[in-house]
Amino acid sequence: MLGLSACGSGDDTGSADASGKVEGDITFQTWNLKANFKSYFEGLIDDFEKKYPDAEVKWVDQPGEGYADKISADAAAGTLPDVVNVSPDLVAPLAKAGLALDLDKSAGKYEKEYLPGAWKSHQVPGLGGTYAFPWYLNTGPLFYNKRLFKDAGLDPEKPPKTYDQLFADAEKLAEKSGGKVATLANVPTIEDFGRYGVPLMNKEGTGFAFNDAKGVELLTKYKKLYDAKALDGQALTATPESTGKKFLTEAVAMNPGSALDLEKFKKDAPRLYENIGITPQISSTGKDNMYVMGVMVNTRTKKTPAAVAFAHFVTDAQRQMSFAKKVAIFPSTKGSLDDPYFTRTDGTDQTRVRIAAAKSLKTAVNYTPVLFSEQMKVELRNAVARALQGKQSPKEALDNAVKSCDRLLKQS
């Protein structure tokens with residue numbers, strides 16, 4: 001998000017005081033949600049306007065592709081909506097530019113309503129404050145193919161629980177299949193380094209640290225997998241969609257997913273579904289990864305009380321619970337994950353996955369640093385590719401990636 005450094009100042013900046021009357025027209029922007037959830041959001045807006053008859057909400061929805069660029073352009077042009085659906089990495093440059101309202105100052109009374117990890121997810125290193133209400137969360141298990149495990153002489157009822165077990169099982173699967181079956185189809189991302197226990201940034205949030213000894217150790221192990229064909233040969237260019245297809249066609253033995261995937265397996269790959277295994281994410285930290293969405297208030301809004309009230313309304317326990325029953329996501333509000341919907345089993349795999357994910361989310365963290373931009377993700381991915389292909393040692397590759405990411409961080 002270039003060119004935003006001066007956007008937070010000027011005479012058109014709105015008030016940070018959210019204590020006034022909830023009134024006036026505001027605009028609410030979502031991220032690729034209208035196609036599937038039009039009636040839900042129209043109902044939500046109707047309910048808000050009934051509660052606050054002097055307020056009116058205009059809803060706009062942007063497509064998933066190019067969303068970050070759209071926010072950047074609107075921020076630079078001064079046309080950013082009053083209330084915006086963001087992820088932590090999108091809110092960071094807006095907060096730095098003074099465009100994201102600090103909720104600790106303007107709406108701190110609501111903090112107690114949310115899970116601590118979710119509230120902290122929209123905090124930005126180097127800045128005090130919290131810059132978006134936490135909205136819906138997600139996480140999921142690892143799926144594995146019991147038939148492929150059994151064919152390799154592995155116990156299909158004992159999937160790997162640690163990284164050492166994962167790497168050992170992966171090598172055995174590759175060896176037994178003559179290199180035809182890989183266990184994983186993804187190269188390590190910043191999230192994987194975090195789950196492995198690698199420190200990702202320094203304590204001040206001024207530089208990256210994933211090139212330490214533990215980071216080099218993880219990448220070295222992935223290089224070994226790649227050489228043994230235990231990591232899919234197309235992993236360097238894989239997307240979530242392509243890796244999902246590899247698992248669906250039984251070309252790889254393990255893949256992360258969610259409860260949504262089980263219906264897809266049942267419909268599109270019945271043989272896989274018959275042999276599906278479900279196991280928790282592998283983590284050296286004892287905490288699963290949390291994917292989190294948020295709702296930000298633009299500091300330039302002329303209707304701060306209405307914008308804050310609506311952002312809170314969208315993300316309160318009642319509305320989040322209602323949304324979670326329409327799609328496989330999880331509320332970020334305290335107590336919601338104790339609802340019978342997330343705790344009571346009915347014997348189905350879908351419910352088992354939902355219950356396990358809800359339990360893990362109570363202590364899960366968002367491993368991806370808020371300051372880790374899309375450009376930085378590309379730098380890390382390219383570095384990992386160079387290491388796996390043997391063009392650079394894992395240490396040299398990660399050292400170069402950290403230098404590039406630190407340079408981008410200083411430019412942000």
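In the pairing of helices α17 and α18, residues Q375, M376, E379, L380, A383, R386 and A387 of α17 touch P394, A397, L398, N400, A401, S404, C405, R407, L408 and L409 of α18, where contact means heavy atoms within 4.5 Å. Sorted by class, this contact has 11 nonpolar, three polar and three charged residues; Ala, Val, Leu, Ile, Met, Phe, Trp, Tyr, Cys and Pro count as nonpolar, Asp, Glu, Lys and Arg as charged, and the others, Gly among them, as polar. The model is a predicted one, in which local features need pLDDT of at least 70 and side-chain atom pairs count only at pLDDT 80 or more, while totals for chains, interfaces and linings use all residues. Residues are numbered from 1 along each chain as its sequence is written, and side-chain values use heavy atoms, with hydrogens and water left out.

Helix α17 (residues 374-388) packs against α18 (residues 394-411) at about 165°, with the axes 9 Å apart. Axes are lines fitted to C-alpha atoms, for helices over the stretch in contact, and angles run from 0 to 180 degrees between N-to-C directions.

Just after α2, G78 has a positive phi of about 75°.

Terms used: Helices (H or I, at least four residues) and strands (E, at least two) are DSSP runs, numbered from the N terminus.
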